[in-house]
Amino acid sequence: MKKSLLPLFTAFTLFGSIASINAQEKPSRFQNIPADSIAIVSVDLEAVRNIKELEFVPWEILSVGSKEQMGIDLLLAKSVDVAIGMPGPSGPEFGASIMTSQDVDIADLTIPDLKEVQTSPRRADLRFREMNYSPVRFAQQSSKQMYMGTDGMLRRMLATKSASSPALKIASETKEPVFAVLSLEPIRPILMGFLEDNPTRLPEPLLDPLMTLAEEVDNIRLISTPGFNSKLTLDLFSESKESVGKIASALKAIQAIGFELVETQMRESMAQGPGASPEMMAAVDAYTMRLKALLNEGFWTEYDDRLSMTMDSNGTVSIGIAVGLLLPAVQAARDAAQRMSSSNNMKQILLAKLNYESAYRRFPGRVWKRDAEKKPLLSWRVAILP
């Protein structure tokens, strides 16, 4: 019995080893993203091109145009994943990993100012091309993946294998075709230092909730859903449900303070203009009360590890709010423009009188010309005309 099980066990072992090897050889989209990247921007171009609402995009023209202008068909790109690092001595650091559906070669690139292909002296499979007068370079170590970016970030990406971080975990679990993840952990000291060193530049009530956000938010994810019914989703991640609750309270405080500031400024601008009727003031008060009630209902959904807000990116909500807030402001601006016009007219009149005095050594009288019967014909206004 034992002898009969031995071949079966050996077969399963070999199958599992082969499957493991294949799984390891399969490239991961984010395996070269450094763990300390402050931002990851990802676009699944293959999924974007398959969106029905984007069928009107001239993909054929883009394909031919990119081959003619760049030497490589852009439509071969399956995905583009960009890593942004902390700025270095030479400026911002970034790198992009581009996976393609077919074999590509950076030697075919015809972008201006690209130098000839060079091979790494330590790795025969690694080739790169530098650019004249630019820190950006291209690199390639497999036929279906190439890189571009600054020298420092490219070196780190090529040396990174299957890094792990909360931001990378969020990126790998995101299924939408277009998204960005911002990691606050590397830049948290900078944010905290800015808020602590510049308290006078911010309204005092905003300082505490902003400090809470800087302390409790670990990662921010922005998801875009392309198409006619496009949506934007904003997620604020934290390590615990308690921290998520603190973030929610801070956001409510910021929302209330911001709304109060806008409301105060709007009323002050209307009060300065003589054209603000009592009916308009009452309408503004009614709208602000209704808008405040709507905002108090909340746009955020609370989960154990994050707060999430989804909004239509067609602008329906923002346009409605903008119209409500800008209409009184437009009226106030119109009144201010009328006052400025009147002031400018007075200035021109005074200058004309000074010019008259300079020419005739006297200012024009109340009556400039009379008829034969000594009746006034023309007033001083005619005398100061050009």
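**Salt bridges in close-up**

The structure holds 18 salt bridges (a side-chain nitrogen of Lys or Arg within 4 Å of a carboxyl oxygen of Asp or Glu). This is a predicted model, in which local features need pLDDT of at least 70 and side-chain atom pairs count only at pLDDT 80 or more, while totals for chains, interfaces and linings use all residues. Residues are numbered from 1 along each chain as its sequence is written, and side-chain values use heavy atoms, with hydrogens and water left out.

**View 1. D151 pairs with R137.** Their closest N and O atoms are 3.1 Å apart. The bridge links distant parts of the chain, 14 residues apart: D151 is in helix α4 (residues 151–159), R137 in strand β6 (residues 136–142). Helices (H or I, at least four residues) and strands (E, at least two) are DSSP runs, numbered from the N terminus. R137 is buried, at 11% relative accessible area. D151 is partly exposed, at 27%. Buried means under 20% relative accessible area, exposed over 50%, and partly exposed in between (1.4 Å probe, protein chains only).

**View 2. D151 also meets R155.** The N to O distance is 2.9 Å. Both residues lie in helix α4, four residues apart, about one turn of the helix. R155 is exposed, with 54% relative accessibility.

**View 3. K241 bridges to D304.** Here N and O are 3.8 Å apart. This pair links distant parts of the chain, 63 residues apart. K241 sits in helix α8 (residues 241–271), and D304 in the loop between β11 (301–302) and β12 (306–312). Both K241 and D304 are exposed.

**View 4. Shared partners build a network.** Salt bridges join K115, E130, R137, D151 and R155 into one network.
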